[in-house]
Amino acid sequence: MSDEKTTHFGFQDVPEAEKAGMVHGVFSRVASKYDVMNDLMSMGIHRVWKDAMMDWLAPRSGQRLLDVAGGTGDVAFRFLKRAPGASAVVCDLTEPMLIEGRKRAEAEKMADRLDWVVGDAMALPFPDASFDTYTISFGIRNVTRIADALAEAYRVLRPGGRLMVLEFSQIPNDLMQKVYDLYSFNIIPAMGQFVTGDRGSYQYLVESIRKFPDQDSFAAMIRDAGFGQVKYRNLTMGVAALHSGWKL
Ligand SMILES: C[S@@+](CC[C@H](N)C(=O)[O-])C[C@H]1O[C@@H](n2cnc3c(N)ncnc32)[C@H](O)[C@@H]1O
């Protein structure tokens with residue numbers, strides 16, 4: 001019997017060493033249609049959730065943000081718009097996502113306040129204590145070892161810095177969960193096929209949502225990484241959740 005470690009990629013078990021490459025493949029394939037698909041799949045609600053993230057985060061001028069798995073820059077743009085004197089680094093495993101983001105930054109005249117860095121959440125290419133705020137939005141469920149990503153978040157934050165995670169979560173009501181599953185497992189992969197010609201990537205997306213820990217289990221993981229004052233807020237009845245923690 002092989003003692004190679006495995007993990008999940010959606011509902012499949014895969015060798016741990018292969019997951020990042022598979023995730024990279026998914027986001028390389030969808031990068032050019034990522035923003036439009038986000039609006040279609042969520043009927044625009046991801047914008048409301050990202051605004052709720054900013055309301056809780058309350059960005060301030062002079063702060064330096066690290067947005068990990070930042071993709072096309074949605075979270076970083078919002079942060080910079082709310083805090084005119086702030087700066088941000090968007091770090092992501094998949095360069096085609098960052099390339100789309102850079103085009104948006106130029107169009108929105110924010111390119112001079114942003115850096116785009118290819119890197120892995122589990123081994124961030126930044127020194128200790130170098131950011132005031134760490135965000136990760138719809139990214140952490142794709143990471144092979146979530147505990148390693150949280151340890152890296154803790155390392156790169158300065159003391160007094162804040163972590164905020166936006167991620168799909170679990171709906172506490174069984175009936176609502178069934179309705180949501182019907183929508184996500186039937187409509188989203190079909191929509192992905194229609195818009196991007198790539199059903200498999202969107203099948204992965206919905207499966208990965210179901211594999212992610214529930215709100216309380218994820219809050220415990222954040223505490224285990226050393227963060228204090230860990231709290232969460234459900235969004236749209238728990239379809240998504242925001243988790244906040246501080247490096248005290
Ligand atoms: C669903 S997108 C989210 C993009 C953006 N944060 C948003 O909210 O729209 C997930 C992103 O996570 C990135 N990603 C996945 N695993 C990663 C890892 N281990 N390190 C850094 N980025 C990762 C993917 O490349 C992809 O751009």
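Reader: Which way does α2 pass α7, in a left-handed or a right-handed crossing?

Author: Right-handed: that is how α2 passes α7. Right-handed is when the near helix is turned clockwise from the far one by less than a right angle. Helices are DSSP runs (H or I, at least four residues), strands too (E, at least two), numbered from the N terminus. This is a predicted model, where local features need pLDDT of at least 70, side-chain atom pairs count only at pLDDT 80 or more, and totals for chains, interfaces and linings use all residues. Residues are numbered from 1 along each chain as its sequence is written.

Reader: Which residues of α2 make the contact?

Author: V36, M37, L40 and M41. From α7 come I188, M191, G192, V195 and T196. Contact means C-beta atoms, placed from the backbone, within 7 Å.

Reader: New topic. What is the strand order in the sheet?

Author: β5-β4-β3-β6-β7-β9-β8, an open sheet with mixed pairing. Strands pair if DSSP finds at least two bridges between them. The edge strands are β5 (114-118) and β8 (228-235).

Reader: How many bridges join β4 to β5?

Author: Five, and the two strands run parallel. C91 stands opposite V117 in β5.

Reader: And the ligand: how many residues surround it?

Author: 21, with A69, G71, T94, A121 and S137 the closest. A residue counts as near if its C-beta atom, placed from the backbone, lies within 6 Å.

Reader: Which element gives the most to that shell?

Author: α1, with three residues.

Definitions and conventions: Two residues are in contact if their C-beta atoms, placed from the backbone, lie within 7 Å.
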